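Here's a quick briefing to read alongside the model. Have a look at the fold first, then come back for the details.

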Amino acid sequence: MPNFTTRTLPVRTGRTETVYDLTRDCEAFLEDAAGGADGLLNVFVPHATAGIAVLETGAGSDDDLLAALRDLLPADDRWRHRHGSPGHGRDHVPVSYT
C-alpha cells in the first residue's frame, strides 16, 4: 500500500490578483516527504477564486498570465454571480492553465 503525506500550505494574497510562486514550498515538502525518492506531487486549491498554473516565473510570464486573464475575463457586470465587488463573478469562472 502506498504511503501518503499531506501538507496544507496557507497562502494569503490580499485583494489584488497575483501570481504566488509555490516552487520552494513544493521543493521543501518533497525533501521532507520523499527525501529524494520517486513519487507523485499533487497540488490543488480548495477555493473557488484561486487556481494553479504551471509556468516560468520571473521572466514576465506571470504578468502575461494576469494580463491574459484580465483580457479573457473582464471585471464588469456581465457575470451572473454578482455578490461582492463589481466584477467579482469572473473570479468564479473555472479556467484551467497548463
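How many salt bridges does the count come to? By the rule used here, a side-chain nitrogen of Lys or Arg within 4 Å of a carboxyl oxygen of Asp or Glu, the count comes to two. Keep in mind that this is a predicted model, where local features need pLDDT of at least 70 and side-chain atom pairs count only at pLDDT 80 or more, while totals for chains, interfaces and linings use all residues. Residues are numbered from 1 along each chain as its sequence is written, and side-chain values use heavy atoms, with hydrogens and water left out.

**Salt bridges**

- Side chains of opposite charge can pair when their charged atoms come close.
- Arg7 and Asp32 meet through their side chains at 3.0 Å, N to O. Arg7 sits in the segment before H1 and Asp32 in helix H1, so this pair ties together parts 25 residues apart in sequence. (Helices are DSSP runs of H or I, at least four residues, numbered from the N terminus.)
- Arg70 and Glu17 make a salt bridge at 3.3 Å, N to O. Here Arg70 is in helix H2 and Glu17 in the segment before H1, 53 residues apart.
- On exposure (buried is under 20% relative accessible area, exposed over 50%, partly exposed in between, with a 1.4 Å probe and protein chains only), Asp32 is exposed at 55%. Arg7 is partly exposed at 44%, Arg70 is partly exposed at 43%, and Glu17 is partly exposed at 35%.

**Helix H2**

- H2 has 12 residues and should span 16 Å at 1.5 Å a residue; its end C-alpha atoms are 16 Å apart, which agrees. The expected span is 1.5 Å times one less than the number of residues.
- Asp62, Leu65, Leu66 and Leu69 are the buried residues of H2. They cover an arc of only 95 degrees around the axis, which puts them on the same side of H2; the arc is that of the directions from the helix axis to the C-beta atoms.
- Asp63, Asp64 and Asp71 are exposed on the other side of H2.

**Nonpolar surface patch**

- Leu30, Leu41, Val43, Phe44, Val45 and Ile52 form a nonpolar patch on the surface, with about 470 Å² of accessible area together.
- Patch members need over 30% relative accessible area and no salt bridge, with nonpolar side chains (Val, Leu, Ile, Met, Phe, Trp, Tyr) joined within 5 Å and like charges within 9 Å. Areas come from the Shrake-Rupley method with a 1.4 Å probe; for residues, only the protein chains shown count as cover.
- Phe44 lies in the loop between helix H1 (23–34) and helix H2 (61–72), and is exposed at 59% relative accessible area.

Technical notes: Helices (H or I, at least four residues) and strands (E, at least two) are DSSP runs, numbered from the N terminus.
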